[in-house]
Amino acid sequence: LAFCPYFAHNNSKIVTDACSSGSGFYEVTQSLMENGAKKYYLPLINCATSNDSYMMEGARNYRIKEAYELYVYDAENNEDEDGFRKFFNKKNTLDVDKVKKLLVNNIVPIIAMFVPPSFHNLTGKSVWEFSAEEKSDPAKAQVAEVGVQHAKHAVTIVSYDDKKNGGSFEIMNSWCSSFGDDGYVWVRYTDLQKYVYQAIYVDFSPTVPTTST
């Protein structure tokens, strides 16, 4: 039943070097509206696999209707210590209550965030805890990640718990079951708000053909 991330990645107009480069929400959602999403096994592909008519025909049955911006950080986004300092001191942050309302209505928000070093070390951990440096000076800690693969990363928010660690979101990552607790990790509302720079959600109403009887 799963959809193929490679198909969406390969159809992004800004991807230039297969799996080594990332894409953006605008490019991916535009592709999902125009081309749709291919089922994972129809057929199995990898990065930089060329499309064929069979893939494209099947994917068109699963086009999203629309993508909506939930949050964006509008200020200059210079990836140096001064730029990060402005970012981590921003007053406009992701609205926790809006995210909760989406989840209650079975809509999964997708977020883009800066990734600190601690995020790469969550194997076998169910809660994302930040290092002492990330807590005291997140801007300085984040400079070390500039140029590192996945220094910017997208994940999905799948649930929330107001009682867990004073209020936390559960996020699902795409780094297999070895990440966090079987691919999932909990993070406090305020901690996640600090690192998110964009969030969207989509109206996924696939146009699957029906058969008459």
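Below is a list of stops, each with something to select and a note on what is there.

Before you click anything, know that this is a predicted model: local features are described only at pLDDT of at least 70 and side-chain atom pairs only at pLDDT 80 or more, while totals for chains, interfaces and linings use all residues. Residues are numbered from 1 along each chain as its sequence is written, and side-chain values use heavy atoms, with hydrogens and water left out.

**Stop 1: the sheet**

Start with the strands. Helices (H or I, at least four residues) and strands (E, at least two) are DSSP runs, numbered from the N terminus. Six strands make an open sheet, in the order β1-β6-β2-β3-β4-β5, with antiparallel pairing. Two strands count as paired if DSSP finds at least two bridges between them. Which strands sit at the edges? They are β1 and β5 (184-188), each pairing on one side only. From one strand to the next, the twist averages 35°. Axes here are lines fitted to C-alpha atoms (for helices, over the stretch in contact), and angles run from 0 to 180 degrees between N-to-C directions.

Now zoom in on β3 and β4. These two run antiparallel and are joined by five bridges. Pick T156 and you can look for its bridge partner in β4, M172.

α2 touches β1, β2, β3 and β6, and its direction makes about 10° with that of β6. α5 touches β1, β3, β4 and β6, and its direction makes about 70° with that of β3.

**Stop 2: helix α2**

Select residues 25-34, which is α2. Which of its residues are buried? They are F25, T29, S31 and L32. Looking down the axis of α2, you'll find these buried residues within an arc of 155°, so they line one face of the helix. Buried means under 20% relative accessible area, exposed means over 50%, and partly exposed is in between (1.4 Å probe, protein chains only). The arc is taken from the directions that run from the helix axis to the C-beta atoms.

Show the surroundings, and you'll see what that buried set packs against: α1 (5-10), β1 (66-72), β2 (110-114), β3 (152-161) and β6 (196-203). Contact here means heavy atoms within 4.5 Å.

Step just past the end of α2 to G36, which takes a positive phi of about 85°. Then move on to P43, in the loop between α2 and α3 (53-59). The peptide bond joining L42 and P43 is cis, with omega about -15°. Why stop for that? Most residues other than glycine have a negative phi, and most peptide bonds are trans.

**Stop 3: helix α5**

Next, select residues 96-104, helix α5. V96, V99, K100, L102 and L103 are buried here. Seen down the axis of α5, the buried residues fall within an arc of 160°, so they line one face of this helix. The buried residues of α5 pack against β1, β3, β4, α8 (189-195) and β6.

At the start of α5, show the side chain of D95: one of its oxygens reaches to within 3.0 Å of the backbone nitrogen of D97.

**Stop 4: two asparagines**

Just after α5 comes N106, with a positive phi of about 60°. N106 sits in the loop between α5 and β2. Is N106 buried or exposed? It is exposed, with a relative accessible area of 72%.

Now jump to N165, in the loop between β3 and β4 (168-172). N165 also has a positive phi, about 55°, although it is not a glycine. At 36% relative accessibility, N165 counts as partly exposed.

**Stop 5: cysteines and a serine**

Select the cysteines. C4 is buried, at 4% relative accessible area, whereas C176 is exposed, at 59%.

Finish at S12, in the loop between α1 and α2. S12 is buried, with 5% relative accessibility. Set aside its neighbours within four places in sequence, and S12 is in contact with S23 and E27.

Methods:
A polar contact is a pair of N or O atoms within 3.5 Å; within protein, one must be able to donate a hydrogen and the other to accept it, and residues adjacent in sequence count only if both atoms are side-chain atoms.
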